[in-house]
Amino acid sequence: MLDALTVAIGVAALALAAWCGFAAWRDQPTKDWHFIGMAVVTVLVLAQLVVGLVQLARGEKPGQGTVLFLAYLVGAFAAIPAAGLLSLSERTKWGSVTVAAGAAVLAVLEVRLYDIWGSTGA
């Protein structure tokens, strides 16, 4: 996988988590600007999904298995949109907390994706 893209997604996810966490600290729900940030992170993850699928189609294999890799890839793609939808139903500071948690989960998923792709097996 593209290491630079994985790092960019991880950094963007942590920035989104901090931003939404700050909004929650200030007792604010998610605002339009937060959704723009979620869209940017989601576009990055969509690019990662496409790159991952193309690499699999070219015959490259992840070190810890294709099924595990695909599960994490799809989970990473779904993390921010799911958190964003949940935050729409909770228009209090807890909506911001939900997005912050989803973004933190995405950052962890990125670390794990990097490990799954590059590992030679355990």
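Ser87 has its place in helix H3, which covers residues 66-89. The structure described here is a predicted model, and the values below are computed from it. With a relative accessibility of 0%, Ser87 counts as buried, because the cut-off for that class is under 20% relative accessible area.

A polar atom of the Ser87 side chain lies 2.8 Å from the backbone oxygen of Gly84. When the neighbours within four places in sequence are left aside, Ser87 is in contact with Thr30, Phe35, Gly95 and Val99.

## The fold as a whole

Of the contacts with a separation of 6 or more, 80% are accounted for by residues 24 or more positions apart.

## Dimensions and burial

Taken along the principal axes, the box filled by the C-alpha atoms is roughly 45 × 25 × 20 Å. The radius of gyration of the protein is 15 Å, which agrees with the value near 14 Å that a compact globule of 122 residues would have. Buried residues make up 39% of the 122 residues in the protein, and Ser87 counts as buried.

## Surface and charge

The accessible surface of the protein comes to about 6500 Å², and 72% of this surface belongs to carbon and sulfur atoms. As for charge, the protein carries 7 positive and 7 negative side chains, with the centres of the two sets lying 4 Å apart.

Technical notes:
Residues are numbered from 1 along each chain as its sequence is written. This is a predicted model: local features need pLDDT of at least 70, side-chain atom pairs count only at pLDDT 80 or more; totals for chains, interfaces and linings use all residues. Side-chain values use heavy atoms; hydrogens and water are left out. The radius of gyration is taken over C-alpha atoms; the globule rule is 2.2 Å times the number of residues to the power 0.38. Buried means under 20% relative accessible area, exposed over 50%, partly exposed in between (1.4 Å probe, protein chains only). Contact means heavy atoms within 4.5 Å. Accessible areas come from the Shrake-Rupley method with a 1.4 Å probe; for residues, only the protein chains shown count as cover. Lys and Arg count as positive and Asp and Glu as negative; His and the chain ends are not counted. The place of a charge is taken as NZ of Lys, CZ of Arg, CG of Asp or CD of Glu. Helices (H or I, at least four residues) and strands (E, at least two) are DSSP runs, numbered from the N terminus. A polar contact is a pair of N or O atoms within 3.5 Å; within protein, one must be able to donate a hydrogen and the other to accept it, and residues adjacent in sequence count only if both atoms are side-chain atoms.
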